[in-house]
Amino acid sequence: MLYWVIKIVVTPILRTFCRIKVEGKENVPKSGPVILAANHRSFLDSIFIPLLIPRRVTFVAKAEYFDDKRIAWFFRGVGQIPIRREGGSASERALESATEVLEAGGVFGIYPEGTRTRDGKLHRGHTGVARLALRTGAPIVPVGIIGSDEVQPIDSRLPRLFRTVRIRFGEPMDLSHYDGRHDDRLALRDVADEVMFEIQQLCGYEYVDTYATRKAEDVPADVAHVATLDEAGYAENQAVAS
């Protein structure tokens, strides 16, 4: 109930202070499991997406957000579920949480880049989105977000008013030719690359075939949006960075 109350209250406020333009909302299935895979430019991305479609959208967030009662209500209200990073595999727990959402017929949101872009470009996707789609059979709807970083840049505490944000929902991707290959690393890589191609077509930002980097202080916020679904990909990123 809290999710819908926040949605009803916050949506008109957002539309008053931001010029939000939405395209392709009809591409999001009205029922059944679906993965929304978007580029990531601002903290506000996780607010814009849930408030702009009629279905509830779930992300996973670091559990520390829910330990603080002053803000825990908000994260629950916008559809996020807690995940502990310590003790065992955070990536597997995130995958299990996402799988539960999809098996219940829900909508799960994920940022394949794993973190917000710091250079304004679109970066290589981790394979967590592919692992999730091939494991559950849920369709992937690519999402292109344009201009959310103009509303709230990555290091800004306060949003800028009356900026334009465009959110474009693409058609569900046909991954039937990958059936039965959910443990095939080459297939996972191919699917992740296809997803990033579709996102690039929607958002138009320059694509670079390198993983997005993050500052140490950004990690907790961005782990909230499931870079952890691709632990192997993150390890690969760390190896490349080193």
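Is R163 buried, partly exposed or exposed, and at what relative accessibility? I looked it up in this predicted model. R163 counts as partly exposed, at 31% relative accessibility.

**R163 and its partner.** I checked the pairing next. R163 meets E150 in a salt bridge, 3.6 Å from N to O. R163 sits in the loop between α7 and β8 and E150 in helix α7, so the pair ties together parts 13 residues apart in sequence. E150 is partly exposed, at 39%.

**Other salt bridges.** I count eight salt bridges. One of them joins D155 and R118, with the closest N and O atoms 3.1 Å apart. D155 lies in the loop between α7 (148–151) and β8 (164–169), and R118 in the loop between β5 (107–110) and β6 (122–123), so this pair ties together parts 37 residues apart in sequence. D155 is exposed at 53%, whereas R118 is partly exposed at 30%. I also looked at R181 and D184, whose closest N and O atoms are 3.0 Å apart in a salt bridge. R181 is partly exposed at 30%, and D184 is partly exposed at 26%.

**D45.** What does D45 do without a salt bridge? I found D45 in helix α2 (residues 45–52). D45 is buried, and the nearest side chain of opposite charge, R41, is 7.1 Å away. The D45 side chain makes polar contacts with those of H40 at 2.9 Å and S148 at 2.6 Å. D45 also touches other residues, including Y111 and I145.

**Nonpolar patch.** I noted a surface patch with about 1000 Å² of accessible area together, including M1, W73 and F162. Helix α1 (residues 2–17) gives the most, six residues. L2 lies in helix α1 and is partly exposed at 37%.

Technical notes. Residues numbered from 1 in each chain as written. Predicted model: local features only at pLDDT ≥ 70, side-chain atom pairs only at ≥ 80, totals over all residues. Heavy atoms only, no water. Helix = DSSP H or I, 4+ residues; strand = E, 2+ residues; numbered from the N terminus. Buried < 20%, exposed > 50% of the residue type's maximum accessible area, 1.4 Å probe, protein only. Lys, Arg positive; Asp, Glu negative; His and termini not counted. Salt bridge = Lys/Arg side-chain N within 4 Å of Asp/Glu carboxyl O. Polar contact = N/O pair within 3.5 Å; in protein donor to acceptor, adjacent residues only side chain to side chain. Contact = heavy atoms within 4.5 Å. Patch = residues over 30% accessible without salt bridge, like charges linked within 9 Å, V, L, I, M, F, W, Y side chains within 5 Å. Areas by Shrake-Rupley, 256 points an atom, 1.4 Å probe, with all protein chains shown as cover. Lists of a residue's contacts leave out its neighbours within four places in sequence.
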